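Have the viewer open as you read.

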Amino acid sequence: MGSLSSEDDQARFRSVVLPHLAQAYALARWLTGDRADAEDVVQEACLRAFRGIGGFSGVNPRAWLLTIVRHAAYTWLGKNRSGSLLMVDDLEAVERKQASAGALSEQGPETPEAALIAKADAARLESAIAELPVPFRETLVLRDVQGLDYREIAEVTGVPIGTVMSRLARARGRLIARLGTEAPGGVS
Amino acid sequence: MTVSPMDPRLLVHAYVDGELDPAHALEMERQFASDPALAAERDRVEALRRAIREQLPAEAAPASLTRRIESSLGLRREAPRAASHPSWRALAASVVLAVFLASGATWFALRPDQADATADMIVASHVRALMAPQPFDIASSDRHTVKPWFNGRIADAPRVVDLADQGFPLVGGRVDVIGRAPVATLVYRHRQHLISLSAVPGGRTIAATPKEIGGYNLLSWSENGTAYSAVSDLAAPDLETFAKAFRAASAER
């Protein structure tokens with residue numbers, strides 16, 4: 001491997017990575033919660049992607065890049081927001097406990113009207129999503145903001161499809177409960 | 001799996017996301033009819049998806065970020081043209097993602113239309129266009145400007161009609177690559193939603209009734225030997241209204 005990148009690698013990077021830069025940036029922004037931090041994460045991810053471009057299979061470049069972005073974001077969160085990553089382990093434990101109890105009672109008795117949820121504005125949605133624990137947030141963002149299907153989300157987040165489904169259900173359940181109970185425009 | 005995959009509360013999400021095979025989807029529809037609480041849950045999930053789609057649209061990466069990455073990797077700068085128009089290879093890459101199938105058996109069955117490469121390519125072109133700084137190569141609400149623009153680029157310039165009176169103003173046109181052939185695509189707007197309408201001479205009708213692919217609705221029909229495919233994040237009934245308006249208007253000319 002030479003120290004200078006080949007023309008081929010450059011061309012491949014351009015065709016594989018750059019078309020998905022907006023999505024890479026969006027995922028990084030939702031994970032870090034900050035635009036400037038997201039740029040740092042995407043730059044680091046692009047460096048990793050560029051180094052690994054020779055080994056990329058050619059299948060699903062978006063999922064490949066988002067997987068790298070997610071890893072870079074997790075590294076960044078570990079260094080700068082270790083608290084948010086600790087929650088990942090806690091959540092997994094809670095999820096396992098709930099699964100063994102056979103309970104899916106995330107939503108409780110709240111059954112807000114669909115019309116109330118439909119009225120949620122951008123600011124309320126943003127803050128409600130930002131408050132989700134990281135594993136729920138990334139699953140919801142990959143599906144509902146970025147439009148990946150379940151298989152792609154499973155690939156990017158490295159979990160089985162069943163886990164993708166349960167995380168998505170919990171994420172949406174929390175958002176629905178939050179958006180449905182809070183008065184529009186109200187601050188909690 | 002952490003929970004039973006057949007829990008109807010989970011399947012509501014798979015239903016709304018278009019991840020169920022037709023048999024499971026039908027079974028869910030039967031359950032919605034007999035269980036108002038489950039139907040209400042479906043309505044809430046759909047309302048949430050719609051709110052996110054309308055309120056949190058895709059954001060472009062800052063231009064400074066692209067420059068910063070190019071310079072940090074020592075990439076040669078390219079003319080800005082490349083950024084505003086997806087290259088053939090970039091498009092091909094996005095097509096690969098649209099038809100990507102993970103290996104390994106799951107209890108999901110693929111929807112048959114997911115295998116329809118043309119439908120996926122048309123949806124992929126629409127998505128690519130939304131990600132680009134402009135969803136069209138030529139911006140004009142004047143059909144007399146748009147049609148001649150195609151004449152120099154495409155063998156069969158499409159029929160161009162403006163539907164502003166019907167609530168679907170023409171905003172421009174672009175050339176997509178479907179398979180290996182350049183295809184004329186008209187871009188219309190309805191409220192904040194964009195509709196891409198591709199005209200494929202000699203093509204076939206790939207979605208005679210609205211189909212959901214990756215969160216977008218696709219609807220196609222044929223007229224005078226040309227297959228038209230409309231794709232948008234509009235709700236299916238609105239897309240059908242658009243198709244009716246287009247067919248009625250083009251029949252007049």
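Eight salt bridges are counted between chain A and chain B, a salt bridge being a side-chain nitrogen of Lys or Arg within 4 Å of a carboxyl oxygen of Asp or Glu. One to look up joins A:Arg14 and B:Glu70, whose closest N and O atoms are 3.0 Å apart. Helix H10 (residues 161-181) of chain A provides the largest share of the side of chain A that touches chain B, with 12 residues; helices here are DSSP runs (H or I, at least four residues), numbered from the N terminus.

A word on the ground rules: this is a predicted model, where local features need pLDDT of at least 70 and side-chain atom pairs count only at pLDDT 80 or more, while totals for chains, interfaces and linings use all residues. Residues are numbered from 1 along each chain as its sequence is written, chains are lettered from A and ligands numbered from 1 in the order in which they are written, and side-chain values use heavy atoms, leaving out hydrogens and water.

How many residues does each chain bring to the contact? Chain A brings 65 and chain B 55, with contact meaning heavy atoms within 4.5 Å.

Now look at A:Phe13. Beyond its neighbours within four places in sequence, A:Phe13 is in contact with residues of chain A, including A:Leu18, A:Cys46 and A:Phe50, and also with B:Ile69, B:Leu73 and B:Leu75.

Technical notes. Helices (H or I, at least four residues) and strands (E, at least two) are DSSP runs, numbered from the N terminus.
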